[in-house]
Amino acid sequence: MGASGVQTPDPAERARELTDAATTGDRRALARLLTAIENRSAVAEAALRRLYPMAGAAHLVGITGAPGAGKSTLVAALIAEARKAGRSVGVVAVDPSSPITGGALLGDRVRMQAYASDRDVFIRSMASRGHAGGLASTSAAAASVLDACGFDLVLLETVGTGQSEVEVAAAADTTVVLEAPEMGDEIQAIKAGLLEVADIVVVNKGDRPGAQRTASQLRAMLVAVARVGAADRAHHGPAGSTVAGSGAAGSVAAGSEVVDRAASPAPAPDPRPRPKQPEVLVTTATTGGGIPELLASLDRHRAAGRDSSVAAARLARAEAQVWAILEDRMRAELSGPERRAGTEAVLRAVADHELDPFAAVDRLLGSLRG
Amino acid sequence: MTDRPIKVLIAKPGLDGHDRGAKVLARGLRDEGFEVVYTGLRQTPEMVATAALQEDVDVVGLSILSGAHMTLVPRICALLTAEGLDDVMVVVGGIIPDDDAAELREAGVSGIFGPGTTIAEVAGYLRANARPRA
Ligand SMILES: Nc1nc2c(ncn2[C@@H]2O[C@H](COP(=O)(O)OP(=O)(O)O)[C@@H](O)[C@H]2O)c(=O)[nH]1
Ligand SMILES: [Mg+2]
């Protein structure tokens with residue numbers, strides 16, 4: 001009970017056992033690997049090193065949106081549709097942890113009960129926990145484990161509030177933002193943030209009044225955002241990084257001013273990826289209405305974007321993963337037994353204003369080199 | 001290292017109609033710092049075992065008020081064992097007569113909680129007896 005049955009002392013050995021089993025269809029080993037990832041154990045790192053070369057074939061789809069928009073119901077409907085086509089589906093459903101108690105209520109499975117005896121569907125709930133480095137690397141790592149284990153479609157459900165939608169976008173090839181009708185005008189601001197990461201926008205609860213109207217409003221809004229984005233690109237010229245969603249779509253608030261600038265003479269072509277022009281679809285997840293169209297749209301995005309936006313998403317994901325690991329490593333090095341005292345002395349000196357934070361970083365980097 | 005909350009599956013197998021009690025328990029354990037996977041009403045033993053396996057939970061908590069515990073619980077325990085999940089702790093909440101309780105323990109159930117049990121008591125029992133997976 002409790003601790004893992006067999007106590008293998010060597011994490012690399014345990015990782016080898018688990019990855020060999022998981023990639024040959026052992027679902028319990030897969031589940032244990034995902035636990036190692038959540039715990040960020042030494043096994044996780046060794047396992048990810050082994051699995052990474054085997055991943056890359058799955059279509060990773062992020063699904064985000066406000067609580068209650070119907071994300072889990074939509075995931076269940078997508079599973080059904082993908083299974084009709086014989087595709088295997090892995091799901092990672094992330095719900096927030098309480099920052100105070102560390103507890104979490106993971107309720108997404110309630111809507112996904114129909115697949116208990118289908119071995120080609122694997123559903124895993126995860127609490128976001130409060131890791132430094134955040135959700136990004138944990139859910140991206142979980143997705144790539146499912147990818148390496150041969151799932152054709154990997155769906156990543158996260159609540160879209162604040163940071164998480166950017167993180168989901170960073171972990172996915174294609175990001176679906178879910179809206180529900182009659183959610184009111186007051187959430188337009190949130191939508192603007194969410195919409196920046198969207199490859200496909202879905203208005204769910206198509207059976208409710210106002211769904212088509214919401215979809216039209218969103219289409220109009222997205223045209224405006226794309227125009228701003230184009231003007232923004234023209235104005236700033238070739239520059240900047242391609243990190244997920246940054247800058248490309250611009251902000252709606254700055255709209256009129258930036259659009260005026262677009263009237264100035266044509267600048268040099270911008271090599272950055274085009275701003276996203278998301279398709280807007282209407283679904284009724286509870287009955288499956290619009291789901292075949294959504295799956296087709298996902299496939300199109302992937303096929304069309306293989307060289308551009310999916311490639312950019314994959315680069316952004318590589319970037320996010322590598323930076324997160326780098327940060328973790330530097331933290332671990334600097335707070336390890338050898339350097340902890342020195343690091344703490346530097347931090348105290350900053351707190352006492354004896355050292356500025358920049359000089360502190362110079363010193364810490366120096367101590368890593370030395 | 002980060003602390004690892006104990007992960008608990010709360011399921012309501014069988015056909016009885018409402019899950020208010022199970023939901024209250026799920027929320028209560030969340031507030032006590034557990035990671036709670038809630039799967040809702042009308043779970044078949046197969047659904048419970050699959051969820052326990054995929055979620056890699058430390059504890060399976062079954063809420064059964066229908067009186068069907070003697071058919072459902074041993075079946076779930078057997079499925080868990082068949083899946084190689086004999087290290088998962090199983091606890092049961094409901095109205096369980098003493099004779100049945102002995103038999104359920106025989107089948108692999110660790111804790112049995114009657115109707116008056118508080119959430120704090122359940123939480124205390126799990127903290128003392130279940131360990132999160134490494
Ligand atoms: N009327 C209607 N209700 C829906 C639809 N999709 C989901 N719901 C309901 O919306 C509620 C929240 O759904 P859920 O999938 O849990 O949303 P999530 O929080 O975004 O994952 C549930 O009661 C669903 O039954 C839909 O297409 N139409
Ligand atoms: Mg959900």
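These exercises, each with a worked solution, concern a predicted model and the contact between its chain A and chain B.

**Exercise 1.** State how many residues each chain gives to the contact and how much area is buried between chain A and chain B.

Solution. Start with the residues: chain A provides 31 and chain B provides 35. Next, take the area. The size of an interface is often expressed as the accessible area lost when the parts come together. Between chain A and chain B, about 3,000 Å² is buried, and carbon and sulfur atoms give 50% of this.

**Exercise 2.** Find the charged and polar pairs that link chain A and chain B, then describe the side of chain A that touches chain B.

Solution. Side chains of opposite charge can pair when their charged atoms come close. Between chain A and chain B there are 5 salt bridges. One of them joins Glu55(B) to Arg109(A), with 2.7 Å between the closest N and O atoms. This distance falls within the 4 Å limit for a salt bridge. Polar contact across the interface is found for 19 residue pairs, counting residues at pLDDT 80 or more.

Now turn to the elements on the side of chain A that touches chain B. Those giving two or more residues are helix H2 (27–39), strand S3 (104–106) and strand S4 (121–127) of chain A. H2(A) supplies the largest share, 7 residues. Sorted by class, this side of chain A holds 12 nonpolar, 11 polar and 8 charged residues.

**Exercise 3.** Determine in which sense S3(A) pairs with strand S2 of chain B, and name the residue opposite Leu105(A).

Solution. In S2(B), Val36(B) is the residue opposite Leu105(A).

**Exercise 4.** Describe the order of elements in chain B and compare its radius of gyration with the globule rule.

Solution. Count the elements: chain B has 5 helices and 5 strands. Along the sequence they follow the pattern β-α-β-α-β-α-β-α-β-α. The radius of gyration of chain B is 13 Å, close to the 14 Å that the globule rule gives for 134 residues, so chain B is as compact as a globular protein of that length. Its C-alpha atoms fill a box of roughly 45 × 30 × 25 Å along the principal axes.

Methods: Residues numbered from 1 in each chain as written. Chains lettered and ligands numbered in written order. Predicted model: local features only at pLDDT ≥ 70, side-chain atom pairs only at ≥ 80, totals over all residues. Heavy atoms only, no water. Contact = heavy atoms within 4.5 Å. Buried area = accessible area lost by both parts, 1.4 Å probe. Salt bridge = Lys/Arg side-chain N within 4 Å of Asp/Glu carboxyl O. Polar contact = N/O pair within 3.5 Å; in protein donor to acceptor, adjacent residues only side chain to side chain. Helix = DSSP H or I, 4+ residues; strand = E, 2+ residues; numbered from the N terminus. Nonpolar A, V, L, I, M, F, W, Y, C, P; charged D, E, K, R; others polar. Pairing = 2+ DSSP bridges. Rg over C-alpha atoms; globule rule 2.2 N^0.38 Å.
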